[in-house]
Amino acid sequence: MKDKKTWALMSLASIPLVMTLGNSMLIPVLPIIERELDISSLQVSLLITVYSVVAIIFIPIAGYLSDIIGRKKVIIPSLILAAIGGVISGFAAWKSSSPYTMILVGRLLQGIGAAGAAPIVMPLVGDLFQQEKEVSRGLGIIETSNTFGKVLSPILGAYLATIVWYLPFWAIPLFCLFSILLMLFLVKTEKETKEPVPFQTFIQTIKTIFKREGRWLFAVFVVGCICMFLLFGILFYLSTMLEERYQIEGVKKGIVLAIPLAALCIASLATGRWIEEDKAKMKWMSVLGLALLTASTAWIIFSESIYVLLAGLFISGIGIGMTLPSLDALVTEGIHKEQRGTITSLYNSMRFVGVAFGPPLFALLMKTSHSITFMVNAITAFLTMLLILWAIRPEEGVKPTWS
């Protein structure tokens with residue numbers, strides 16, 4: 001039974017990996033797409049933004065459905081939809097003389113598919129394991145897979161684009177097919193059917209949860225959003241600076257972009273294994289991670305050296321990698337199974353808000369100065385740390401009231 005659950009967890013871990021590749025793989029390719037399609041920087045940025053914005057809208061719907069009809073019945077059709085979106089984008093780029101609109105349509109479908117796939121993995125991990133320690137470790141692996149996708153994305157995306165610029169679009173259906181097969185054959189869930197909950201009852205239950213647990217849930221949602229905002233904003237900043245200031249492009253740029261993400265990946269895995277079911281550890285790992293993020297971004301304020309920038313962003317990656325698995329565990333283990341899909345989906349929607357708005361807001365900040373950009377980052381990270389300290393207060397050794 002343990003081996004079966006291990007294989008199921010590995011299969012689930014493929015989903016955030018695939019969905020991350022589906023979005024982040026395009027980041028180093030955006031300048032190439034802009035040149036090939038002869039479009040503006042705003043138009044090309046919409047290829048990332050539309051994916052995230054539709055995900056924000058559809059994630060809560062997918063979470064609600066997963067609580068009613070089951071996780072797999074939402075995840076597998078969503079992966080199929082994401083694959084179809086990749087085919088549409090790839091075919092339009094390959095055959096159409098004016099492919100931009102259809103590429104955008106394909107990206108929109110991918111975003112809807114992503115909404116029903118990766119966010120549902122978190123509650124499904126909570127369903128598969130009974131012990132909180134196993135849930136924490138499982139979520140650490142899921143977050144690590146998500147992060148590993150971010151590490152791999154810039155390198156793989158840049159490499160595929162050197163072959164044919166639209167090849168990253170075609171890679172997504174293949175990746176989705178791989179996850180679909182793993183889900184079908186290796187992930188076994190309970191076969192019991194659930195009676196649909198009346199929508200009014202469902203809404204009332206969610207209101208009750210937020211009335212009772214609102215303070216810590218609000219904090220976790222906001223911090224998750226801020227972490228993804230800073231992560232994707234920093235990646236956008238670094239990608240731009242590497243090309244414009246240091247003339248580092250292609251696969252070489254992808255490797256440099258992977259440096260802070262590799263730190264995030266390693267920190268996520270270690271954190272997930274260490275926090276186990278201890279909610280006090282979850283809180284203080286989040287605080288320590290945000291303290292590292294604050295200190296590293298504050299350090300970057302005083303120098304524009306590429307070495308200081310990369311070292312600071314490496315430490316920032318460690319900080320975010322310590323924070324995210326702790327937040328994942330708090331929100332997954334703090335909610336009963338019946339509402340877990342919906343609440344974790346709302347949390348993932350907030351993370352996608354950060355993804356969507358990170359690059360454009362960083363683009364505005366970059367028009368000021370290097371110092372102001374990272375000063376804003378440091379202040380934001382510091383205030384976020386204070387929010388965690390205020391809102392999450394489990395007494396060490398005592399089971400908190402939200403469990």
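A cavity is a set of grid points where a 1.4 Å probe fits but cannot get out. The views below come from a predicted model.

View 1. Rolling a probe the size of a water molecule over the atoms shows where empty space is left. In this structure there are four cavities of 30 Å³ or more. The largest cavity contains about 320 Å³ of space.

**View 2. The lining of the largest cavity.** A total of 21 residues line the largest cavity. Nearest its centre lie Thr20, Ala118, Asn146, Arg351 and Phe352. Sorted by class, the lining consists of 12 nonpolar, five polar and four charged residues.

**View 3. Helices that contribute to the lining of the largest cavity.** At least two lining residues come from each of helix 1 (2-24), helix 6 (118-128), helix 7 (132-163), helix 9 (199-244) and helix 13 (337-366).

View 4. The buried residues of helix 6 are Pro119, Ile120, Val121, Met122, Pro123, Leu124, Val125, Gly126, Asp127 and Leu128. Helix 6 also supplies at least two residues of the lining of the largest cavity.

**View 5. Ser145 in helix 7.** Ser145 has a relative accessibility of 11%. Buried means under 20%, so Ser145 counts as buried. Apart from neighbours within four places in sequence, the contacts of Ser145 are Ala13, Ser14, Pro16 and Leu17.

Definitions and conventions:
Residues numbered from 1 in each chain as written. Predicted model: local features only at pLDDT ≥ 70, side-chain atom pairs only at ≥ 80, totals over all residues. Heavy atoms only, no water. 1 Å grid on protein atoms, 1.4 Å probe; cavity = no way out; pocket = protein on both sides within 12 Å on 5 of 7 lines; lining within 4 Å. Points joined across faces, edges and corners; volume = space filled by probe spheres on them. Helix = DSSP H or I, 4+ residues; strand = E, 2+ residues; numbered from the N terminus. Nonpolar A, V, L, I, M, F, W, Y, C, P; charged D, E, K, R; others polar. Buried < 20%, exposed > 50% of the residue type's maximum accessible area, 1.4 Å probe, protein only. Contact = heavy atoms within 4.5 Å.
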